[in-house]
Amino acid sequence: CAVDNGGCMHVCTNAHFSHSCSCRVGFVAESADASSCLDLNECEVDDGGCRGNGSSCVNTVASFVCVCDDGYRLSEDQRTCVDVDECVNSVANCSQLCENYDGSYACKCLDGFRVSSSNPRQCEDIDECSEMTSPCNMTCSNVPGTYFCTCDAGYEVTSGDASACQDIDECSVGTHLCQQSCHNEEGGYT
């Protein structure tokens, strides 16, 4: 073994009037006498023991590493890929709600809002007054997350239906200013 490592590529072991060659861990003998060695591809057997969704094995010289797709991370055993909860660790940075999925996440919005088409992490108000067909029978006012209906003078919101207006009968409720007789009309009185 003292001369040219006994012709061994890796390890030369002296024996009585002889020597033997062997390969280092992570290599296999290329020849019967183990004088030359090749890298052992650990990934060829059971994917190197890499486990979990999004996992893959990458062969390296004399070893291997398990790697995970985006949305996953290696657990402490360095073999298993586990889901990253982007909603918990603020990776998602959603403006309102966040829903974690296996390997991914989605930003969601509260009622009255929708995910912005220009930024999927942001929510934008839905203008119900302009997007809905006649949500109010008189005046619709949009506010963040909702809308409300108002009635013109001489009308009031119908009980039980905040989107409808009904005529106020000023004559029967006594809010008229008539001296003698009062005649109710739609939206007013004479």
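# Notebook: cysteines, a hairpin and salt bridges

The term disulfide here means a pair of cysteine sulfur atoms within 2.5 Å. The model is predicted, so I note that local features need pLDDT of at least 70, that side-chain atom pairs count only at pLDDT 80 or more, and that totals for chains, interfaces and linings use all residues. Residues are numbered from 1 along each chain as its sequence is written, and side-chain values use heavy atoms, with hydrogens and water left out.

**Entry 1. Disulfides**

I went back to Cys 23 and Cys 37, whose link is left-handed, with -90° about the S-S bond. The pair links distant parts of the chain, 14 residues apart: Cys 23 is in the loop between strand S2 (18-22) and strand S3 (27-29), and Cys 37 is in strand S4. I take helices (H or I, at least four residues) and strands (E, at least two) as DSSP runs, numbered from the N terminus. Cys 23 is partly exposed, at 22% relative accessible area, while Cys 37 is buried, at 5%. For these words, buried means under 20% relative accessible area, exposed over 50%, and partly exposed in between, with a 1.4 Å probe and protein chains only.

How many disulfides does the count come to by this rule? I found 13 disulfides.

I then looked up Cys 87, which a disulfide joins to Cys 98, S to S 1.9 Å. Cys 87 lies in the loop between strand S8 (81-83) and strand S9 (97-101) and Cys 98 lies in strand S9, so the pair ties together parts that are 11 residues apart in sequence. The link of Cys 87 and Cys 98 is left-handed, with -70° about the S-S bond. Cys 87 counts as partly exposed at 27% relative accessibility, and Cys 98 counts as partly exposed at 31%.

My next pair was Cys 94 and Cys 107, a disulfide with sulfur atoms 2.0 Å apart. This pair links distant parts of the chain, 13 residues apart: Cys 94 is in the loop between S8 and S9, and Cys 107 is in strand S10 (residues 104-108). The torsion about the S-S bond of Cys 94 and Cys 107 is about -80°, so the disulfide is left-handed. Both Cys 94 and Cys 107 are buried.

**Entry 2**

I followed S5 (55-60) into strand S6 (residues 63-68), and the two pair in the antiparallel sense over 6 bridges. Strands are taken to pair if DSSP finds at least two bridges between them. Ser 55 has Cys 68 in S6 as its bridge partner. S5 and S6 form a hairpin with 2 residues between them, and Ala 62 in the turn has a positive phi of about 70°.

Ser 56 is in strand S5 and is partly exposed, with a relative accessible area of 27%. Which residues is Ser 56 in contact with, leaving aside its neighbours within four places in sequence? I listed Asp 47, Cys 50, Val 65, Cys 66 and Val 67, where contact means heavy atoms within 4.5 Å.

**Entry 3. Salt bridges**

I searched the whole structure and found 3 salt bridges. A salt bridge is a side-chain nitrogen of Lys or Arg within 4 Å of a carboxyl oxygen of Asp or Glu.

Arg 51 forms a salt bridge with Asp 77, with the closest N and O atoms 3.0 Å apart. The pair links distant parts of the chain, 26 residues apart: Arg 51 is in the loop between S4 and S5, and Asp 77 is in the loop between strand S7 (72-74) and S8.

Glu 124 and Arg 114 meet in a salt bridge through their side chains, at 3.3 Å, N to O. Arg 114 also forms a salt bridge with Glu 131, with the closest N and O atoms 2.6 Å apart. Arg 114 lies in strand S11 and Glu 131 in helix H1 (residues 128-131), so this pair ties together parts that are 17 residues apart in sequence. I record Arg 114, Glu 124 and Glu 131 as linked in a network of salt bridges.
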